[in-house]
Amino acid sequence: LSPVCLGSLRRAASTQLGGFHVVYPNQIRESIGLVPGNHDVDNVVDGAETIRQLIHYRSVFGSDFTAVRKDNALFLHINAPLIIQEDVYPLLFSEQEIQWRLLEQRLQEGSESREIEHMFLVMHHPPFLELENEPVEYFNWPMEPRGRLMKLCREYGVRNLLCGHTHTTTHVSTPDGINVYTVDRNGGCV
């Protein structure tokens, strides 16, 4: 399997970003799954700033939504900071809906494929830390997008979510068997 970098790629000074480009030049970067983190596309600023950061992320790292097929598995890399942003801003809402449509389209395609046996969602923020209905806090998703995501997981048979953001390594499961894994360190690889 290829490594997956779970976000916050531009957190430090430009020297870190320059180092990323040296270690992962374009030809290698295409084999690495990148997902934006909250230091790439901040979900706690106003919508206009989130859009500015989204444009920057895409210009530096490429798409913020990718589907990667590896043997009989499909890995969908989604932009959690964008999806969970709660500011009411028309362009932001449009970008969020594009992300949701892409996700549902790829999940449907994966579930209908005879060649795909496993689907994984890869994102920076875990939808929840311990319980699906836990209160909203800095490290998890707001209730509305969390419910929407979990409904899609159930509808299309997603059993594994790979996440970062918490600076811990954990594994929790819902009663019906959806696993949420987090890995230690921002930008950590799994």
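1. A residue counts as buried when its relative accessible area is under 20%, as exposed when the value is over 50%, and as partly exposed in between. The model is a predicted one, and the terms are applied to it below in that sense.

2. Apart from neighbours within four places in sequence, Gln96 touches Leu82, Ile83 and Gln85. Ile84 is 12 residues away from Gln96 in sequence, and the two C-alpha atoms are 8.5 Å apart.

3. Next, the chain as a whole. The protein chain has six helices and eight strands, and their order along the sequence is β-α-α-β-α-β-β-α-α-β-α-β-β-β. Of its 190 residues, 47% are buried. The accessible surface comes to about 9400 Å², and carbon and sulfur atoms account for 53% of that area. If contacts are taken between residues at least 6 apart in sequence, 63% of them connect residues at least 24 apart.

4. Then the sheet. Six strands make up an open sheet with mixed pairing, in the order β3-β4-β5-β6-β8-β7. The edges are β3 and β7; each has a single partner strand, so one side of each has no neighbour in the sheet. Direction ignored, neighbouring strands of this sheet are turned against each other by 20 degrees on average.

5. On the aromatic side chains: a pair of rings is described by the distance between the centres and the angle between the planes. The model has three aromatic pairs, counting rings whose centres lie within 6.5 Å. One of them is Tyr57 with Phe61, a tilted pair with 5.0 Å between the centres and 40 degrees between the planes. Both residues belong to helix α3 (residues 47-61); because they are four residues apart there, about one helical turn separates them. Tyr57 and Phe61 are both buried.

6. Tyr138 and Phe139 also form an aromatic pair, here edge-to-face, at 4.8 Å centre to centre and with 80 degrees between the planes. The angle is over 60 degrees, which means that the pair counts as edge-to-face. Is this pair buried or exposed?

7. Where does Asp64 lie? Its place is the loop between α3 and β3, the latter being residues 66-70. Asp64 has a relative accessible area of 4% and is therefore buried. Its side chain makes two polar contacts listed here: one with the side chain of Arg58, at 2.8 Å, and one with the side chain of Asn79, at 2.8 Å.

8. Asp71 is not a glycine, yet has a positive phi of about 55 degrees. This residue is in the loop between β3 and β4, where β4 is residues 73-77. With a relative accessible area of 63%, Asp71 is exposed.

9. His165 has a positive phi too, of about 75 degrees, and is not a glycine. Its loop runs between β6 (160-163) and β7 (170-173). Is His165 buried or exposed? At 2% relative accessibility, His165 is buried.

How values were computed. Residues are numbered from 1 along each chain as its sequence is written. This is a predicted model: local features need pLDDT of at least 70, side-chain atom pairs count only at pLDDT 80 or more; totals for chains, interfaces and linings use all residues. Side-chain values use heavy atoms; hydrogens and water are left out. Rings of Phe, Tyr and Trp (its six-membered ring) pair if their centres lie within 6.5 Å; planes under 30 degrees apart count as stacked, over 60 as edge-to-face and the rest as tilted. Helices (H or I, at least four residues) and strands (E, at least two) are DSSP runs, numbered from the N terminus. Buried means under 20% relative accessible area, exposed over 50%, partly exposed in between (1.4 Å probe, protein chains only). A polar contact is a pair of N or O atoms within 3.5 Å; within protein, one must be able to donate a hydrogen and the other to accept it, and residues adjacent in sequence count only if both atoms are side-chain atoms. Contact means heavy atoms within 4.5 Å. Accessible areas come from the Shrake-Rupley method with a 1.4 Å probe; for residues, only the protein chains shown count as cover. Two strands pair if DSSP finds at least two bridges between them. Axes are lines fitted to C-alpha atoms, for helices over the stretch in contact, and angles run from 0 to 180 degrees between N-to-C directions.
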